Amino acid sequence: MRYLPLLDDAQRRAFDHPPKWTAAQRKLYCSLPDWATQVLGSLVTPHSRGGFVLQVSYFQATGRFFSTDRFRAADGAYVQQRYRLGNVEWARYDKATRFHHRQLILQQFGVAPFEQVEAAVRTQVTHFARQQMNPVAVFCSAVDTLRARRWEVPTYAALAGVVTEAFRTVEQQLTTQLAALLTPAVRQQLDALFTTDAEEPAHPHRPYRLTTLKRSLELMRPSAIRANVQDYAVLQPLFTQVYPVVQALDLPEEVVRYYARYVERAQVFQVRQQADKKYLMVLCFVVYQYYQVGDLLTETLQQAVQTHRNAAQRETQERVYRQQQDTAGQLRELLDGVVRHGTALAQLEDVAFSFAHTNEEKVAALLAWLQTPEVTTFGELRHTAQQLRKTGGGSASGPYYQVVEERSRALQRRMGEILRRVAYEGAPDSPLAQALAYYRARDGQLGSHPPTGFLKPAERAALGEAASPVSLYKALLAGHVADHLKAGKLNLLHSLRYRPFDTYLLDGATWERQRDALLQQTNLLELRAAGPWLDALQAKLAAAFAGTFDRLAAGTNPGVKTRAGGGRPRFLTPARPADDEAPPPRPLFPGPGLISLHEVLHTVNQACRFTDCLQHWSPRHRPPRPAERVFFAGVMAYGCNLGLTRMAHATKHVA
């Protein structure tokens with residue numbers, strides 16, 4: 001059976017061979033426990049005695065057994081000298097003797113043989129395979145589980161066979177179930193993705209339908225947004241048809257992501273030639289791409305709204321500044337007129353309340369004052385005041401909503417189709433959710449009285465004063481939708497990042513049905529009854545708080561100092577103790593001068609090994625790993641904005 005590429009050649013040799021010990025480690029591991037010393041005394045032949053000692057030593061270090069041809073010469077020589085075995089013919093340490101020693105060692109160490117626990121290991125590996133976990137991670141997890149539960153660690157071939165068989169079994173089960181669930185209509189829809197729009201052979205200017213759905217444009221241009229909305233509209237009916245099949249298969253998100261990413265990177269003919277898995281791959285691609293495009297449109301909406309707000313705020317500030325410069329003279333004239341008018345009114349008040357004049361004289365004085373040029377000039381100031389108020393001087397928010405209204409057209413070109421196509425959901429009694437439903441039901445054509453329950457009082461007032469209420473309303477609606485999406489009050493049900501929070505959790509029925517199994521998988525069986533555990537934790541916490549407060553009250557805490565006048569204490573940060581034995585710090589990079597970027601990356605990689613995290617996207621069909629300098633060239637190409645093409649021409653000697 002051909003195994004999955006779980007370990008490379010060097011790792012496989014290290015796994016299937018005994019460890020390389022230093023002199024101190026060899027002395028430690030080759031020291032036998034008491035029971036092994038007694039067994040060693042009962043053995044007669046040198047090869048049996050030496051083989052037993054080495055098997056016990058290797059088992060103490062790795063939990064594994066090794067054949068004679070893999071014994072290390074240095075370990076054999078040390079055992080011969082320490083236990084005075086004389087000349088040992090290791091070839092005579094045959095399979096039957098090794099098997100007998102293996103059973104004895106497992107029994108004495110209390111370790112279960114792999115044959116007895118193989119079914120449990122297969123169950124765990126199959127569970128991870130259903131989640132499409134990386135096969136390498138599954139292999140390492142199986143090894144860790146074997147050692148943690150005191151089970152025997154088998155050879156690489158045995159464990160790799162279990163992992164490979166689990167993944168292939170899961171794939172076969174999925175394809176078999178899918179063949180029974182696919183209806184002719186759904187199969188026809190999926191087959192149509194392998195054709196072109198003109199039903200003719202594909203070429204660069206006439207791509208397959210599947211190829212066109214792979215391209216998601218992460219741009220803010222209206223044309224790119226319209227293209228993404230069109231892809232979303234194409235995927236929506238497909239998703240509606242295939243999603244019940246995904247639910248029936250009970251595919252985890254990791255499985256959907258794995259097959260979808262394979263389709264994204266593979267050519268169409270590579271997917272089509274997978275006769276037994278092509279429908280599973282395309283089905284997962286449709287679901288995952290529908291999620292991705294929905295998330296992309298949601299991010300586009302939020303970014304477009306934020307850009308619109310920033311531009312509106314900047315333009316508002318600029319307008320306010322220009323208005324202050326332009327209206328300074330008008331405002332000064334208005335204030336001067338008010339001051340002069342107030343002085344005249346004070347004089348008229350003195351005449352009106354004076355007992356030295358008759359009523360006829362007071363009326364004559366008032367009429368004479370009304371006919372003066374000052375009153376005429378003051379009446380003309382009313383037009384100046386109205387003009388100032390029109391330009392925003394009389395509004396608490398200034399011309400902000402006027403700017404939002406004027407810039408609404410540009411925002412609508414970006415987000416209008418998104419709000420009509422993407423079905424955001426909220427609480428049933430949410431005014432914003434009701435307004436969105438009204439907007440989608442009328443296809444964006446608002447009537448004279450759209451829902452305004454979600455608007456703030458200032459926004460309602462601005463809407464009543466707007467020259468184009470519809471434009472302002474659509475901009476405000478988009479802003480509230482973006483805010484509610486960010487706050488989690490609006491959600492996208494079929495999404496990767498904007499789903500309701502409850503969908504990320506196990507449902508109650510699944511928890512009740514699989515509670516014990518889930519607790520066992522996560523090693524949390526002691527929390528089956530959480531009450532006593534929480535009570536003990538609460539008691540420890542209360543005791544810790546009590547001890548802390550007692551030390552504060554007694555003044556014995558060196559990190560807290562009371563103030564002279566009482567009140568809040570002062571907390572002191574203790575100084576770091578000096579380490580006399582620590583070597584003097586040395587700079588990570590050389591002194592002043594020019595340092596090549598390749599040297600910087602190489603030095604950082606020696607410290608943290610970041611290139612180990614760069615793995616091939618396919619966990620099953622991986623090409624040989626390139627040299628580290630190839631990774632450095634790729635990092636520099638992206639980091640310096642050179643592009644892979646220019647970097648490839650400049651570094652032909654690297655690959």
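Leu485 touches Thr298, Leu301, Gln302, Tyr424, Leu490 and Asn491, leaving out residues up to four places away in sequence. Contact here means heavy atoms within 4.5 Å. Leu485 lies in helix α23 (residues 469-487). Helices (H or I, at least four residues) and strands (E, at least two) are DSSP runs, numbered from the N terminus. Leu485 and Leu301 are 184 residues apart in sequence, yet their C-alpha atoms are 9.9 Å apart in space. Leu485 counts as buried because its relative accessibility is 4%. Buried means under 20% relative accessible area, exposed over 50%, and partly exposed in between (1.4 Å probe, protein chains only).

This is a predicted model, where local features need pLDDT of at least 70, side-chain atom pairs count only at pLDDT 80 or more, and totals for chains, interfaces and linings use all residues. Residues are numbered from 1 along each chain as its sequence is written, and side-chain values use heavy atoms, with hydrogens and water left out.

How far can the model be trusted, by its own score? The score is pLDDT, the predictor's confidence in each residue, from 0 to 100. The mean pLDDT of the protein is 85, and 93% of its residues reach 70 or more. Confidence is lowest in helix α18 (residues 373-393), at a mean of 68. It is highest in helix α6 (residues 95-109), at 92.

Now to the interior. A nonpolar core is a set of buried Ala, Val, Leu, Ile, Met, Phe, Trp, Tyr and Cys residues joined through side-chain atoms within 4.5 Å. The largest such core has 106 residues. Leu251, Leu419, Tyr424 and Val481 touch the most other members. Helix α15 (residues 278-326) gives the largest share of this core, 18 residues. Val481 touches Leu301, Leu419, Tyr424, Leu432, Leu436 and Leu490, not counting residues up to four places away in sequence. A second, separate core has 26 residues, including Val39, Tyr83, Ile105 and Leu106. In soluble globular proteins, nonpolar side chains tend to be buried together.

Lys278 lies in helix α15. Lys278 counts as buried because its relative accessibility is 16%. Leaving aside neighbours within four places in sequence, Lys278 is in contact with Asp191, Phe194, Val271 and Arg272.

UniProt, in an unreviewed entry, places the feature "domain: DUF4158" at residues 6-166. UniProt positions follow the numbering used here, feature names are shortened, and annotations may be inferred rather than shown by experiment. Over residues 6-166 the chain is 67% helix and 0% strand. The end C-alpha atoms of that stretch are 13 Å apart.

Leu4 lies in the segment before α1. Leu4 is buried, at 9% relative accessibility. Leu4 and Ala129 are 125 residues apart in sequence and 13 Å apart in space, C-alpha to C-alpha. Asp9 sits in helix α1 (residues 9-16). Asp9 is partly exposed, at 49% relative accessibility. Asp9 and Tyr243 are 234 residues apart in sequence and 42 Å apart in space, C-alpha to C-alpha.

Look again at α6. This helix has 15 residues and reaches 21 Å from its first C-alpha to its last, close to the 21 Å expected at 1.5 Å a residue. The expected span is 1.5 Å times one less than the number of residues. The buried residues of α6 are His101, Arg102, Leu104, Ile105 and Leu106. What covers them includes α3 (34-42), α4 (46-62) and α7 (114-130). Gly110 follows α6 and has a positive phi, near 70°.

Most residues other than glycine have a negative phi, and most peptide bonds are trans. Arg84 is not a glycine, yet its phi is positive, about 55°. Arg84 lies in the loop between α5 (73-82) and α6. Arg84 counts as exposed, at 77% relative accessibility. Asp250 also has a positive phi, near 55°. Asp250 is in the loop between α12 (222-249) and α13 (253-265). Asp250 is exposed too, at 61% relative accessibility.

How many disulfides are there? The count comes to 0, where a disulfide is a pair of cysteine sulfur atoms within 2.5 Å. The sulfur of Cys640 is 18 Å from the closest cysteine sulfur, in Cys608, so it is too far for a bond. Cys640 is partly exposed, at 43% relative accessibility. Cys284 is buried, with a relative accessible area of 0%.
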